[in-house]
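Subject: Structure for your review

Dear colleague,

Please find below the structure that I am handing over to you.

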Amino acid sequence: MNKLVILSCLVILQACAQKPWYGDLNHLGKFPNSLSEVSGIVTYTDNLAWVIEDNGNKEFIYGINLKAGLVKKLKVKNAENNDWEDLTTDKEGNLYIGDFGNNNNERKNLTIYKLPNPELEKGDKIPSKKITFSYPEQKNFPPKKRSMLFDSEAFFHWDNHLYIFTKDRSRPYLGKTFVYRIPDKEGDYKATLVGTLNLCENQDHCSVTGADISDDGKTVVLIGYGYLYLIKNFQVNMISESQFETIYLKHETQIESVCFLNNSTLLIADEQSKTKGRNLYNYVLK
C-alpha cells in the first residue's frame, strides 16, 4: 500500500483495508434444532463455549461443547430478551449480554446484562445486573433512512469498558460502523463515540454482526456475512485510523458470532437461514 493511500485514510479518519485474501472455515459441528439462532459466543476454556439466541427467544445462556452439542443451560434472572445480539467477558470472569439489537433504530431501552462467571454456577439459574445506555448522536426514533446507523450486533470488553460496534442500516447504504464506549458497571450511561470505521460499501458483507478482542489486547476481529475483518496492533485511541485485513471465508451464510478460542484461533457460528447455517466452525489466523 503506497503512502498516498495511507495518508488519505488518516485524513478522513476511516479504516484502510487491504485487498481480500481467502480463508477456510473448519466445520466442528451442527447445533441442535433448539439453537437455530445463535447470535453470540464466548469461551472460558478450550472445551466449552457459551452462546445466546436473539430476538424472539428465551432468556437462557447455553453451554456447548466444541462439537456444537448442548451441555448446559442457565436461566438469566431479572432479564428480558428484546434482541440479544452478542456476548463478551472480562478478565474477572463476568459475562455480558448485549441486548442492543435495534433493526428499526427505534429502541430506547438498550441494555447490557452483567452476569457472574456461568461456569461457577451450581444450579439452573444465574443472576444479572443491568447496564443501560443511549447514543447521544441519535436524535429521532426512528431517524430518517439515511441516518439509520444505530443498530448493533457486536461488542467486546477491554480495560473496564465495553466497546459497541454499530450495524449500518442506512438507505442508501453508507458502510459506516460507529464505535461507542460505556463503563462496565451497573448504571445508566450516554455512550461515548470513540471512532468510525468504513469497512467497505457492500451491505451484504460490510455490516458488522460480531466482534471480539484477543486476550493480549493486540488483535480485534469483526465479522460480517462471509467476511472477517482483522485489526492488528489495536489501539483504542486510534480506532478510526485502524488498518485491517479483509478475509473472505468462502461461507456466505448468516454468520453472526465470533470469539477468540486463543490468541490465534477463532470460533465462528452462523444462524439457520432456510436450508443453510446452524453450524459451529473454527478458523486459525495466519
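In which loop is the place of P142? P142 is in the loop between β12 and β13. The bond that joins F141 to P142 is a cis peptide bond, with omega at about 5°. F141 also has a charged neighbour: the charged end of K108 sits over its ring, 4.8 Å from the centre.

Before going further, please note that this is a predicted model. The mean pLDDT of the protein is 91, and 92% of its residues reach 70 or more. Over residues 3-16, however, pLDDT stays under 50, and the model has 22 contacts beyond four places in sequence for this stretch.

**Backbone features**

A further cis peptide bond joins R171 and P172, with omega at about -5°. P172 lies in the loop between β14 (161-167) and β15.

Two residues other than glycine have a positive phi. For N160, phi is near 70°; this residue lies in the loop between β13 and β14. N160 is partly exposed, since its relative accessible area is 42%. For R278, phi is likewise near 70°, and R278 is found in the loop between β23 (265-270) and β24 (279-284). R278 has a relative accessible area of 12%, under the 20% limit, and therefore counts as buried.

**An open sheet**

Four strands form an open sheet in the order β13-β14-β15-β17, and their pairing is antiparallel. The strands β13 and β17 (192-198) stand at the edges; each has a single partner strand, so one side of each is left without a neighbour in the sheet. From one strand to the next, the twist averages 25°. In general, strands of a sheet pair through backbone hydrogen bonds. Here, β15 and β17 run antiparallel and are joined by 6 bridges. T177 stands opposite L197 in β17.

**Aromatic rings**

The count of aromatic pairs comes to 14. In one of them, F150 and F178, the ring centres are 6.0 Å apart and the planes stand at 45°, so the pair is tilted. This pair links distant parts of the chain: F150 is in the loop between β12 and β13 (151-158), F178 is in strand β15 (residues 176-183), and the two are 28 residues apart. F150 counts as buried because its relative accessibility is 5%, and F178 counts as buried at 10%.

A second example is Y229 with F244, whose ring centres are 5.8 Å apart and whose planes are at 85°, so this pair is edge-to-face. Y229 lies in strand β20 (residues 227-232) and F244 in strand β21 (residues 243-248), so the pair ties together parts that are 15 residues apart in sequence. Y229 is buried, with a relative accessible area of 2%, and F244 is buried at 1%.

F150 and F178 also belong to an aromatic cluster, which they form with F133, Y135 and Y180. Elsewhere, K73 lies over the face of F60, at 4.7 Å from the ring centre.

**A residue in β12**

Is I131 buried or exposed? I131 lies in strand β12 (residues 129-134) and is buried, because its relative accessible area is 0%. Between the C-alpha atoms of I131 and L230 the distance in space is 28 Å, and these residues are 99 apart in sequence.

Yours sincerely,
A colleague

Technical notes: Residues numbered from 1 in each chain as written. Predicted model: local features only at pLDDT ≥ 70, side-chain atom pairs only at ≥ 80, totals over all residues. Heavy atoms only, no water. Buried < 20%, exposed > 50% of the residue type's maximum accessible area, 1.4 Å probe, protein only. pLDDT = per-residue confidence, 0-100. Contact = heavy atoms within 4.5 Å. Phe/Tyr/Trp six-rings, centres within 6.5 Å; stacked < 30°, edge-to-face > 60°. Lys NZ or Arg CZ within 6 Å of the ring centre and 35° of its normal. Pairing = 2+ DSSP bridges. Axes fitted to C-alpha atoms, helices over the stretch in contact; angles between N-to-C directions.
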